[in-house]
Amino acid sequence: MRTGLVVPAAVIAALISTAFPAMASKGSDRVVINFNPGWLFAPKDIAQGQSVGLNESSFKPVCLPHANKIVAHSNFDTSSFALIAWYRRHFTPPMEYAGRRFVIEFQGVSNVAEVYVNGQRAGEHKGAYTPFTFDITEKVKIGSDNIIAVRVDSRQRKDVPPEGVNVDYMIFGGIVRDAALIVVNPLHVDWVYVSRDSANPDRVSVRTRVINNSTVQKSCTVTTAIVDSSNTVVATGNACGTVSAASSYEFTYVTSPITIPWLWHPDHPYLYTARTGLQDSSMCVDEHLQKFGMRSVAFSKTDGTFSINDRQMKLRGLNRHETYPFIGRAAAGRLQRKDADIIKYDFGCNIVRCSHYPQSPAFLDRCDEIGLLVLEEMPGWLFVSGNIAWQAIALKNVEEMIMRDRNHPSIVSFGVRINESADFHDLYVRTNQLARTLDPHRPTHGVRVLGRGSMREFLEDVWAYNFSVPAGTPRPLPWITAESVGHRFATHSWDDEQRLIDQMLAHAAVHDSAAANPKIAGLLGWCAFDYNSPYRYAEKKVCYHGVADIFRIPKHAAYFYKSQADPIVYGPMVYIAHYWKKALTPNNVWVASNCEKVELFVNDSSKGKYSPNRFLSLRHPLFVWDSVPFEAGELKAIGYIGDKAAATFVRRTPGVPVRLIIAPDDTVLEQGGDMTRVVVTAVDSFGQVVPQTNDIVSISVNGAGDFLGESPIALEDGKTAFFVKTRAGQTGAITCRACCKKMTETNTRVSVRFSF
Ligand code: GAL
């Protein structure tokens, strides 16, 4: 066994502080310093935990995103993470930053954060799902040690949405998303908001907010260059003006036309970058980069359809909770991006709903890159407090969500009504107004359910409704079914096979009904992944409502979703939803495929070549062979497009598990808090996963990373998974090993490299 390169603590400290000079660039440029590595953590409340001279010997070094408690994947005590903790980080800004502004940015702290710099309070933020920044310039000392301390209250806070009553998901605890220190000149860009100009769709409308923290008025010019993916400037726009001392100003301008702009679309998600330079007289003092896409979306009030770039598209998707086993919500960007990839490519969806809160920026960035449409929504679940302070936080959350996310082409609508809440007229008038002011180009929606939400109070642009798929013209229009199946079809990955097939058919049936009704804009199933919940729907703290398990390993239903993707764009696929372990009653063989025909073979004897024959309104209906006599051996499906065999799937009657396989999603990680998932499977002598195996495996991780998981752990349906996380300033190899008494053991390596 090779261990990782262990770097002494003093070297780690030097590496962390050299983050400053290493990332510093020209005097005019902003510097965004990754503040994920280098934190110290204590899982307890400490009187004066912010004080400069605090004895930190009981603190443990950690990297963000960080869960204040690693829990089992099920059956754990929810009070274990409901605690107050302190996080502290030292930093030394070099002398060259004298005169600059320092802004600390947190993307998500669960639930309430109090931030101190050198013992002085910088501010407080309430709410686990939205970002916040504090300008800490006045508190920072250049050239010497500074301490940033964060008191993180992760207890159930009934005064902060979504809490008030128990919600059907876990908020978890810790500094669960990235942090950064942003260093800018006193005259700098606060934000840039870009949109396709409605009057001239080949031009870009730009709004740029400039902050002048200096003591004198500034005359300045903002220039935005629209840069395409080959780094060529394809359009520019600018504006000049003065910004008074200690104030801000919003510049509005339109760029020159882009000759034949590339439009952003789920099948070709083309992204431009708006590169905005800020000049103070002739000197460039700031440069700000903002990715965006050129596209238009519309939900029709007359026929209910959804269109993108004036072409109709039926929305087909799943809901996602951003919680993970063991680590709660503290998942590194790599895991967040992986979820978007799974939903788009493995589950074939064209849309995801971020239920029920704004999700990680890394997830949304990936949705832009790969073309996965998004319904995003304000934090909340059923409950709205009558308390004015609670509602003020809910409104603030809407503002923070839209200010963060209004440049994402993937987001087709902002949800400005708390999921399945009753009517709260005044609050929802204000959330809608706020959304339309901050982002006039994007529709709003609100999700209702039977008994909660009257048509009189339809204040949004899109009516979203859970668990109902109207047969005729829905009222009102436009209508989207935001959840379907869900708790009505809880299914464990290890359940008897018929249950897994029935769950798949339940999802197919609702999508079939939605497809049959052109007046429904689309439908989303509940949900992508099993998730932890303290609510009554959960069993041992897990809601088994996913088309994949909590480790993101697909159940049969996931392949139904995948089969709906266009074979030309996303590739042909075929999947047999039958383990061929034993005869079912009746022994029907269901096949999900986006091919035109499928031929099924049992031990090389053809059972017929069929066109799809069930749920015929679907774009790619399912195939079924009724009552196929069971004969142990090989079951094979070949999918045809035209006369050509385009995809093949083979199942063998499973043997006994003989070997464990251990497979990381990534083999190269960056140091300083990066993570990957490692999947362990039990296979038979053919290398095929043995369904329903539940043996206990032991897992160990050594070297340049930490194990985040459970060991020993019982396999579920022949599989399990865990995460590894890298450390600050440590590179080398991470060795992961899994063993089980009955099977040959296995190990694998992941290597960690520097990211500076
Ligand atoms: C819905 C709710 C979801 C989830 C689901 C369970 O009513 O909106 O958050 O609880 O039920 O299937």
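To start us off, in which loop is Phe172 found?

A: Happy to walk through it with you, and please keep in mind that this is a predicted model. Phe172 is found in the loop between β10, which covers residues 146–153, and β11, which covers 174–175. The backbone of Phe172 deserves a glance: its phi is near 55°, a positive value in a residue other than glycine.

Now for the ligand. Its surroundings are made up of 14 residues, and the closest are Asp168, His356, Trp381, Glu420 and His487.

Let us go through some polar contacts one by one. His487, already named among the closest residues, places a polar side-chain atom 2.7 Å from an oxygen atom of the ligand. For Asn419, an N or O atom in the side chain is 2.8 Å from an oxygen atom of the ligand. His545 also takes part, with a polar side-chain atom 3.3 Å from a ligand oxygen atom. As for cover, the ligand on its own has 310 Å² of accessible area, and the protein covers 98% of that.

From here, we can follow the chain to a loop with two prolines to inspect. This is the loop between β30 (462–466) and β31 (479–483), where Pro476 lies. The peptide bond joining Arg475 and Pro476 is cis, with omega at about -5°. Pro478 is found in the loop between β30 and β31 as well, and a cis peptide bond joins Leu477 to Pro478, this one with an omega of about -10°.

Finally, a word on how some helices are arranged. Two packed helices are described by the angle between their axes and the distance between the axes. Take helix α3, residues 333–346, and helix α4, residues 361–370: their axes come within 8 Å and cross at roughly 40°. The handedness of the α3 and α4 crossing is right-handed.

The other pair is helix α5, residues 388–405, with helix α6, residues 425–438; here the axes come within 10 Å and cross at roughly 20°. That angle is why α5 is described as roughly parallel to α6. The crossing of α5 and α6 is right-handed too.

Definitions and conventions:
Residues are numbered from 1 along each chain as its sequence is written. This is a predicted model: local features need pLDDT of at least 70, side-chain atom pairs count only at pLDDT 80 or more; totals for chains, interfaces and linings use all residues. Side-chain values use heavy atoms; hydrogens and water are left out. A residue is near a molecule or strand if one of its heavy atoms lies within 4 Å of it. A polar contact is a pair of N or O atoms within 3.5 Å; within protein, one must be able to donate a hydrogen and the other to accept it, and residues adjacent in sequence count only if both atoms are side-chain atoms. Accessible areas come from the Shrake-Rupley method with a 1.4 Å probe; for residues, only the protein chains shown count as cover. Axes are lines fitted to C-alpha atoms, for helices over the stretch in contact, and angles run from 0 to 180 degrees between N-to-C directions. Helices (H or I, at least four residues) and strands (E, at least two) are DSSP runs, numbered from the N terminus. A crossing is left-handed if the near helix is turned anticlockwise from the far one by less than a right angle, and right-handed if clockwise. Angles under 35 degrees count as roughly parallel, over 145 as roughly antiparallel, 65 to 115 as roughly perpendicular and the rest as oblique.
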